[in-house]
Amino acid sequence: MNARRSGPSISRRELLLGAALLLAPNARADVPLRIASIDWAMLETLCALGVVPIAATELIQFRSDAVEPALPADVVDLGLRGSPNFELLHLLRPDLILISPFYVRHEAALSRIAPILSLPFYVRGEPPFEKALAAVKTLGERLGRGEKAQAVLEEIATEIAGYRQALAPFADRPTYLVNIGDARHVRVFGFDSMFGDMLARLGLPNAWTDGSRFTFAAPVPIEKLAGNPDARIVVVSDVPVEARSSLKASIIWNTLEPVRKGRVIYLANVNPYGGVTAGLRFARLLTEAIVAGDERG
């Protein structure tokens with residue numbers, strides 16, 4: 001009974017795969033067509049190449065925190081990034097699974113389901129955007145989309161150059177990049193973060209000269225932002241609801257020179273551990289906000 005049921009299912013899949021290969025002019029028989037992504041930066045990279053995954057992790061949170069790229073509703077949610085649903089992933093029969101070194105503990109289990117591709121993005125003390133660009137090239141070659149990858153990289157370079165030119169009149173003022181943790185603490189993004197790396201590429205000096213400090217709780221006291229009174233403060237992503245009213249009433253926050261002078265910019269949600277899409281989203285939102293505010297007056 002089981003044998004009779006399995007035959008049509010397999011042949012139908014093979015038929016669909018064959019049709020997809022025939023319809024794709026640049027496709028090769030060894031190119032994976034069904035791709036799942038555990039890592040969000042790899043998910044962004046895949047989408048940048050014009051490929052929609054069959055499955056990814058924490059999609060509700062991704063759509064809220066990363067926002068871009070927009071994912072179709074039929075992409076299957078594999079659950080938490082730290083503990084994906086291996087059984088569901090096995091049933092989906094992917095041809096390739098995308099991860100990063102953050103998920104090394106899952107490599108053995110995932111490799112029993114399908115081949116894996118793991119690429120690094122975030123290494124302590126190293127700017128990550130160059131690694132994100134390299135990931136576009138590497139994944140593009142793996143998928144037989146080398147020309148598409150090259151086009152994407154050229155588009156990214158052009159876009160960044162345009163933002164840098166628009167921000168040139170504002171490049172004298174240093175910038176603090178932070179997430180608000182609570183009314184007393186922030187997470188600060190240094191040169192080794194996606195946001196800090198992109199800030200440098202846009203020609204803006206980072207007011208925080210140390211590395212990034214990431215823990216579950218925001219580790220930097222807000223008064224540390226008084227170190228450079230001439231800076232602007234850019235708050236990346238939504239302020240937690242429980243911190244909003246407390247921050248407005250905070251004596252420490254309100255005595256900071258950038259706050260007193262109205263040099264605080266609030267950006268919409270951006271994935272701090274993303275790939276090229278997150279970097280460009282941050283660059284676009286920052287450029288639009290600074291140009292609109294025009295601090296030169």
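Start by selecting serine 100, which sits in the loop between E4 and helix H5 (107-111). Keep in mind that this is a predicted model. Is serine 100 buried or exposed? With a relative accessible area of 2%, serine 100 is buried, since the cut-off is under 20%.

Now show what surrounds it. Leaving aside neighbours within four places in sequence, serine 100 is in contact with Asp39, Ser118 and Leu119. Zoom in on aspartate 39: its side chain makes a polar contact with the side chain of serine 100, at 3.0 Å.

Next, colour the strands. You'll find 5 of them in an open sheet, ordered E3-E2-E1-E4-E5, with parallel pairing. Strand E3 (76-77) and strand E5 (116-118) are at the edges with a single partner strand each, so one side of each has no neighbour in the sheet. Then pick out E1 (residues 35-37) and E4 (residues 96-99), which pair in the parallel sense over 3 bridges. Here isoleucine 35 stands opposite leucine 96 in E4.

Last stop: select helix H7 (residues 146-167). Show the side chains of Ala149, Val152, Leu153, Ile156, Ile160, Tyr163 and Leu167, which are buried in H7. They cover an arc of only 100° around the axis, so they lie on the same side of H7. What covers these buried residues? Then turn to the face of H7 pointing away from its buried side, where you'll see the exposed residues Glu147, Thr158 and Gln165.

Technical notes:
Residues numbered from 1 in each chain as written. Predicted model: local features only at pLDDT ≥ 70, side-chain atom pairs only at ≥ 80, totals over all residues. Heavy atoms only, no water. Pairing = 2+ DSSP bridges. Helix = DSSP H or I, 4+ residues; strand = E, 2+ residues; numbered from the N terminus. Buried < 20%, exposed > 50% of the residue type's maximum accessible area, 1.4 Å probe, protein only. Polar contact = N/O pair within 3.5 Å; in protein donor to acceptor, adjacent residues only side chain to side chain. Contact = heavy atoms within 4.5 Å. Arc of directions from axis to C-beta.
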